[in-house]
Amino acid sequence: MRNPYEVLGVREGASVDEIKRAYKELVRKYHPDQYRNNPLSELAEEKLKEINQAYDYLMKQHEQKNTGYSSQNSSYGKSNSYGSNTTLYSQIRMNIMSGNIQAAEALLNRVTVKDAEWHYLRGLIFMRKGWYNEAVNSISIAVNMDPSNMEYRDALNRIAYANNRYQTYGYDRRYSAGGMDLCTMCQCLICSDCCCECMGGDLIRCI
Amino acid sequence: MFGYIVPDKGEMKIKEYELFRAYYCGVCKSMGKSLGPLCRFGLNYDSVFLGLFLSSLNNETVDLKKENCIANPFKKKWVVKNSKSLDFSADINILLTYYKLLDDWKDDRSFLARFAQIIISPGFKKALMRNKEAQQHIKISLEQLQIIEERKCESMDEAADPFGQMIKVILRIGCQEENYKKNKAIEWLGYNIGKWIYIIDAFDDIEKDIKKKNYNPLLFQFKYNNEEVEEFKDRIKEEIKFNLIHTLAQAASAFELLDLKNKNIIENILYLGMEKKTKTVLEGRSCNKDEKPL
């Protein structure tokens with residue numbers, strides 16, 4: 001096992017709070033949802049396992065009862081219950097899951113009636129290939145054909161969510177994003193002052 | 001390549017910036033030493049990223065020296081020396097530059113390109129001898145790209161695929177360790193970066209390609225109907241941005257699975273520099289204008 005502190009990216013002898021915070025951040029980063037429809041899902045799962053181990057180890061060391069996190073993890077990525085599918089579709093799904101994209105594509109081409117699920121599966125295959133524009137187009141068709149299906153909508157939302165996450169991470173990483181700048185602070189103060197005055201009080205005398 | 005993979009310098013720590021610059025000078029010196037001084041004009045940020053990334057991935061202990069150079073004759077600068085990854089990246093850069101010039105000569109009959117191509121051809125031959133495997137893959141990818149261009153492919157994903165495959169293979173060859181799982185993450189990173197370069201370059205070239213009647217996948221995918229260039233760009237901007245950002249998000253997700261040195265610098269490039277570049281290119285500032293040598 002690697003040094004658990006290193007795995008969690010905290011200094012040796014970090015406090016329980018620090019460890020928890022780092023752990024939460026990492027779980028969010030490597031959560032299977034981030035890697036769904038992505039050829040690296042297995043790797044991410046392993047990484048998460050390592051993080052969980054490190055966390056459990058450190059928590060035990062701190063002689064505290066585990067919080068709910070590790071029990072949640074056992075359920076990640078395993079709840080794939082699909083409704084009634086034709087056998088061909090479930091075969092295609094199996095192939096996509098196991099990363100056998102070519103086989104999935106070949107099976108998909110054998111289907112003659114192109115219903116919503118067909119377009120959805122086609123979209124998943126495109127995702128795996130890294131053809132995002134085609135993927136979004138295909139899944140959108142599926143959503144339009146069957147607007148009530150949450151699985152299709154979910155897939156579409158997840159793509160947008162990944163973009164969001166990427167940009168938020170970059171934004172938070174910027175040095176300027178850290179604290180409040182002077183301008184926002186002044187704005188806040190003035191606003192608070194106005195509010196206070198409305199209610200008959202006064203926060204800043206001179207304004 | 002094209003010089004889109006840049007760091008966001010303002011968000012770097014001084015020590016990160018200094019190290020990045022040492023890599024930059026290192027690639028330049030490596031090109032000069034092994035391929036001939038004139039090859040150094042082909043230096044760009046993409047090859048610096050390639051060198052830095054591979055060197056960090058291969059866990060190289062870098063050898064830093066202070067040296068003079070032609071661009072800065074009076075002030076000595078830190079330079080990364082004796083790095084296999086940097087030498088590899090310099091070679092790849094020459095191979096790609098050579099093919100790009102060849103392409104320019106074929107497309108536009110640009111004599112400048114022809115002239116430059118002849119000048120770097122001794123360097124090209126040397127680089128080719130050292131990297132036969134990579135050169136084979138580059139050639140295959142570029143041939144596929146040409147087929148796609150000739151049949152006027154209407155899908156930008158399909159058109160970008162060979163380029164993505166090419167960068168993927170280059171990264172895999174440059175990674176010296178044989179670790180199947182690690183390779184998978186490296187390949188996914190490479191594929192997505194390659195696609196990003198291709199698509200952002202396609203967007204950057206829209207105006208030029210309309211004028212010269214060259215193939216550009218975006219014109220076909222979004223059915224260009226002789227409208228004003230700016231109008232067309234505005235029409236497709238959001239969708240292109242969504243795709244480019246998602247490509248970067250996927251590349252970043254692969255990067256998160258790798259253990260390598262210089263994480264901060266690479267993170268800066270992947271999350272900040274490339275995102276910023278995406279926005280500046282989409283908002284219409286040409287890439288050449290804000291790319292300055294260090």
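Trainee: In what order do the elements of chain A run from the N terminus on?
Mentor: From the N terminus on, the order in chain A is α-α-α-α-α-α-α-α-α-α, and the count for this chain is 10 helices and 0 strands. Please keep in mind throughout that this is a predicted model.

Trainee: What share of chain A counts as buried?
Mentor: Chain A has 207 residues, of which 27% count as buried. As for its contacts, if you take those between residues at least 6 apart in sequence, 39% of them join residues at least 24 apart.

Trainee: Which domains is chain A divided into?
Mentor: Chain A is divided into domain 1, covering 4-73, and domain 2, covering 87-172. The centres of these two domains of chain A, taken over C-alpha atoms, are separated by 29 Å.

Trainee: Staying in chain A, at what angle do α2(A) and α3(A) pack?
Mentor: Helix α2 of chain A, residues 16-30, and α3(A) pack at an angle of about 165 degrees, and their axes are 10 Å apart. An angle over 145 degrees counts as roughly antiparallel, so α2(A) and α3(A) are roughly antiparallel to each other. The crossing of α2(A) and α3(A) is left-handed.

Trainee: And which residues make that contact of α2(A) and α3(A)?
Mentor: From α2(A) the contact takes A:Ile19, A:Tyr23, A:Leu26, A:Val27 and A:Tyr30, while α3(A) brings A:Ala44, A:Lys47, A:Leu48, A:Ile51, A:Tyr55 and A:Leu58. By class, the contact of α2(A) with α3(A) has 10 nonpolar residues, no polar ones and 1 charged.

Trainee: Moving on to the two chains, how many residues of each are in contact?
Mentor: On the chain A side there are 25 residues, in contact with 28 residues of chain B. Three helices of chain A, namely α3 (41-61), α8 (132-145) and α9 (150-173), each supply at least two residues of the side that touches chain B.

Trainee: Which element gives the largest share of that side of chain A?
Mentor: That is α9(A), which provides 9 residues of the side of chain A that touches chain B. By class, this side of chain A has 12 nonpolar, 7 polar and 6 charged residues.

Trainee: Now chain B. How do the axes of α3(B) and α5(B) cross?
Mentor: Helix α3 of chain B (residues 84-108) and helix α5 of chain B (residues 132-150) have axes that come within 11 Å and cross at roughly 30 degrees, which makes α3(B) roughly parallel to α5(B). The crossing of α3(B) and α5(B) is right-handed. In that pair, B:Ile92, B:Leu95, B:Leu96 and B:Tyr99 of α3(B) meet B:Ala134, B:Gln135, B:Ile138 and B:Leu142 of α5(B), so that, by class, the contact of α3(B) with α5(B) has 7 nonpolar, 1 polar and no charged residues.

Trainee: What about α10(B) and α11(B), are they roughly parallel or antiparallel?
Mentor: The axes of helix α10 (residues 229-255) and helix α11 (residues 263-282) of chain B come within 11 Å and cross at roughly 170 degrees, and α10(B) and α11(B) are therefore roughly antiparallel to each other. Residues of α10(B) in the contact include B:Leu244 and B:Phe255, and those of α11(B) include B:Leu270 and B:Met274. By class, the contact of α10(B) with α11(B) has 12 nonpolar, 1 polar and 3 charged residues.

Trainee: Last topic, what is phi of B:Asn59?
Mentor: Phi of B:Asn59 is near 55 degrees, which is a positive value in a residue other than glycine. B:Asn59 is in the loop between α2 (45-57) and β1 (63-67) of chain B.

Trainee: Why does B:Asn59 count as exposed?
Mentor: B:Asn59 counts as exposed because it has 11 C-beta neighbours inside 10 Å, and 12 or fewer is the cut-off for exposed. B:Lys223, in the loop between α9 (217-221) and α10 of chain B, also has a positive phi, of about 50 degrees, although it is not a glycine. With 10 C-beta neighbours inside 10 Å, B:Lys223 counts as exposed.

Key:
Residues numbered from 1 in each chain as written. Chains lettered and ligands numbered in written order. Predicted model: local features only at pLDDT ≥ 70, side-chain atom pairs only at ≥ 80, totals over all residues. Domains from an automatic or database assignment. Axes fitted to C-alpha atoms, helices over the stretch in contact; angles between N-to-C directions. Helix = DSSP H or I, 4+ residues; strand = E, 2+ residues; numbered from the N terminus. Parallel < 35°, antiparallel > 145°, perpendicular 65-115°, else oblique. Left-handed = near helix turned anticlockwise from the far one by under 90°. Contact = placed C-beta atoms within 7 Å. Buried ≥ 20, exposed ≤ 12 C-beta atoms within 10 Å, placed from the backbone.
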